[in-house]
Structure formats: C-alpha cells, structure tokens
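Work through the following exercises with the model open. Each task is followed by a worked solution.

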Amino acid sequence: MKSAEYGMLAIPVKTAEVVKISKINRIEIPTPFVLDRVNCYYIEDSKPTLIDAGVNTQEALDTLTSGINRCGGAIDGIKRIILTHAHADHIGLLSRIVGKSGADVYIHRLDAVKMLDTGASGAAHLREKYRTFFVESGAPEPIVEEILSSLFNRLRRYFCPFEQVSTLSGSEIFSFDSFDLEIIHTPGHSPGSICMFNREDGTLFSGDSLLEKITSNPVVEVNPSEENRDYRSLEKYKQTLGVLDEMPVKKVFPGHGDWFSNHRNRIRELLDHHEERTEQIMGILRSTDSGRPVMGGMTRFMITQKLFHDLKGMDVFLGLSETEGHLQILQGKGLVFSEQKGAPKTYFIRNGC
Ligand SMILES: [Zn+2]
C-alpha cells in the first residue's frame with residue numbers, strides 16, 4: 001500500500017466549542033478483473049463512512065481492513081456505506097463489512113433493484129434476458145454460451161446480493177463533521193449511478209461516472225425496471241456529462257485511479273471520443289463488402305467485431321453495450337434503422353446518410 005493513498009484531504013471547521021475534522025482517505029483495493037484496482041474512500045468522521053465496498057475476495061477484504069486500520073479506524077466501526085453503483089467491483093464486500101459493523105447502506109433505488117435482480121432467485125431470469133440480448137445481437141451460439149458463463153461466473157463469485165439498503169433518489173444530503181455531501185444522480189454507466197458533491201469546496205466523488213484514464217462503458221440495461229423502460233445508456237451518459245460539466249467541480253475522486261482536476265477537459269475528451277465512435281459506426285454501416293454494399297445490413301455483433309476485433313468473454317458484452325449505445329442514438333436521430341426478421345436484429349444506414 002502506497003503511503004500517498006492516505007490523508008488526501010482534511011477540512012477543519014470550528015464549531016462553538018471544538019474543532020471537528022473529517023478526513024478523506026483513498027484505499028486502493030485489488031480486483032481479479034482487467035481493471036485491477038478499485039477505490040474505496042474511508043472518511044474519518046464521528047460517523048466513519050465508506051464510499052464503495054470493493055470486490056468480494058479475501059485479498060480485497062484484507063487490503064480494506066489494513067487500510068482502515070492505518071487510518072486509525074476499524075472495519076467494525078464503519079457506520080455508513082454509500083455505494084456509487086451496483087457493479088461487482090464496487091459492492092462485493094458489502095455483506096462481509098455489514099456483518100462486522102452493522103453499517104447502514106445507501107444506494108440509488110434504480111441500482112438497488114439490480115442488486116436484488118442478481119441474487120440467486122433472480123439469476124435464471126436475468127440469464128435469459130442476457131441471452132435474448134446476445135442472440136438479438138447476432139452472436140453465434142458458442143460465443144453466447146462463452147459470454148454468459150463468463151458473466152455469470154463473475155457475478156456468482158464476486159457480486160454480492162444484498163437487501164438491507166436504504167434507497168436514494170438524488171439530492172439527498174449526507175452530513176459529516178466538517179462538510180456535507182450532496183447526492184447527484186448520474187445515470188449512464190448504470191441506471192442508478194450517483195456522484196457525491198461537496199458544494200463548499202468543489203470535491204466530487206464520481207464513482208465510475210467520470211474517470212480520468214478510462215472511458216466508462218455505457219452498460220446496456222437488459223432488464224429495465226418499469227420506470228426505466230426507455231433507458232438508453234449512452235444517451236443518459238452524455239446527459240450526465242452535461243450536468244457534471246455545469247458543476248463547479250475542483251477535485252474529482254474517481255472510482256478508479258488517482259484524484260484529478262480539470263473535469264471539464266476530461267468531459268470534452270469523452271464527448272469527442274463518443275462523437276468519433278458514432279462516426280466510426282456510420283462508416284462501418286456505409287462500408288462495402290468486396291466492392292458491394294452490405295445489402296443484408298449488419299448485426300450488433302458484426303459492428304462490434306469491426307470496432308474492437310478480438311474480444312473475449314465479458315469484453316464481448318462491454319463491446320456490444322457500447323455499440324448498442326451508439327446505435328440507439330443513431331436510430332433516435334433517424335440516421336439508422338433496424339429490421340428483425342429472425343433472431344438477430346440487423347441495422348441499415350438510411351439512404352443518403
Ligand atoms: Zn462500474
């Protein structure tokens with residue numbers, strides 16, 4: 001553990017009698033995934049608070065425990081856990097931490113639903129929803145099986161179904177000894193992603209909604225709740241970037257990697273990246289096959305292969321998610337249309353586009 005991971009921010013505030021200080025500590029937790037580190041933030045406070053809960057491995061639990069100990073705290077002393085979203089690398093240790101501490105857990109209601117979905121009772125149902133998405137994407141059967149087993153092995157091993165949560169909707173304020181954090185609903189990476197913002201000093205905890213070195217995937221929602229029937233992940237994500245762009249953010253504490261500033265530059269880079277990718281997909285749909293136009297249209301899987309080439313397992317899902325996000329936007333603009341005669345959906349570019 002690098003010493004630089006600790007003691008990043010201390011804001012003293014004078015009350016009538018005593019000076020209380022809340023201190024933010026970043027603890028980097030190892031993950032077994034390609035993105036091999038995730039951040040938990042431990043806030044020293046009269047209500048010791050954890051932002052995000054790592055992945056469900058013993059190594060992660062040991063790293064978190066020793067990290068908190070080095071801050072002078074203890075894992076069984078945590079009073080609150082606020083989750084930025086319900087992905088396996090951010091919530092995995094939840095039940096083990098709550099088992100030791102009895103902490104209250106907070107998550108946006110649209111991601112709370114997903115935590116229940118993925119529990120044992122919902123797994124079979126959810127597997128069918130994913131299968132439908134992959135088949136509709138035109139992925140060949142052996143690849144569908146490969147992605148499903150990779151996805152569900154990951155969920156079984158590292159996800160943590162958990163029910164005793166308090167749900168958030170956005171705009172709630174969490175009070176600490178020396179600052180407040182406001183919940184900002186930032187859908188796109190997941191339907192119930194949130195950021196937490198300190199309006200006094202411009203500190204933003206961004207979860208995976210804004211990362212410095214990584215482009216957050218607009219993960220497709222295969223099982224939307226009734227209220228989220230028309231959820232379009234990339235469209236929502238671009239709106240979220242617009243909201244964050246307007247905010248007077250000075251320092252971003254992300255879900256992965258070190259803190260950064262200049263959030264507007266990063267937002268501009270991300271919006272440019274998505275514009276380029278949308279154009280790239282238009283180019284792929286315009287492309288010719290041996291000199292002839294691709295008359296039969298292209299499936300999501302074909303487009304994804306042309307975009308990313310050799311994807312395997314879980315990465316195929318993330319690639320398909322990104323392609324689907326762009327296709328939804330292009331269809332919304334009337335530039336692309338789709339047909340579904342058999343199982344796979346095929347996409348065509350409109351004449352003249
Ligand atoms: Zn995530």
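**Exercise 1.** What spacing do the donors of the zinc ion follow along the chain?

Solution. The model is a predicted one. Start with the ligands: His-85 (NE2), His-87 (ND1), His-189 (NE2) and Asp-208 (OD) coordinate the zinc ion at 2.1 to 2.4 Å. Written along the chain, their spacing is H-x1-H-x101-H-x18-D. Within it, His-87 and His-189 are 102 residues apart and link distant parts of the chain. His-87 sits in the loop between strand E5 (80-82) and helix H2 (88-91), while His-189 sits in the loop between strand E9 (180-185) and strand E10 (194-198). Both His-87 and His-189 are buried.

**Exercise 2.** Why is the arrangement of the four donor atoms around the zinc ion irregular?

Solution. Take the angles subtended by the donor atoms: they run from 88 to 178 degrees. A tetrahedral assignment requires all angles to lie between 85 and 135 degrees. The arrangement is irregular because of the angles of 88 to 178 degrees.

**Exercise 3.** Which side chain of opposite charge is nearest to Asp-45?

Solution. Locate Asp-45 in the loop between strand E3 (37-44) and strand E4 (49-51). The nearest side chain of opposite charge is Arg-80, 4.2 Å away. A salt bridge requires a separation within 4 Å, and Asp-45, though buried, has none. A polar atom of the Asp-45 side chain does lie 2.6 Å from the backbone nitrogen of Asp-177.

Conventions. Residues are numbered from 1 along each chain as its sequence is written. This is a predicted model: local features need pLDDT of at least 70, side-chain atom pairs count only at pLDDT 80 or more; totals for chains, interfaces and linings use all residues. Side-chain values use heavy atoms; hydrogens and water are left out. Donors are N, O and S atoms within 2.8 Å of the metal (3.2 Å for Na, K and Ca); water is not among the atoms, so sites may look incomplete. Four donors count as tetrahedral if all angles lie between 85 and 135 degrees; four count as square planar and six as octahedral if opposite donors are over 155 degrees apart and all others between 65 and 115; anything else is irregular. Helices (H or I, at least four residues) and strands (E, at least two) are DSSP runs, numbered from the N terminus. Buried means under 20% relative accessible area, exposed over 50%, partly exposed in between (1.4 Å probe, protein chains only). Lys and Arg count as positive and Asp and Glu as negative; His and the chain ends are not counted. A polar contact is a pair of N or O atoms within 3.5 Å; within protein, one must be able to donate a hydrogen and the other to accept it, and residues adjacent in sequence count only if both atoms are side-chain atoms.
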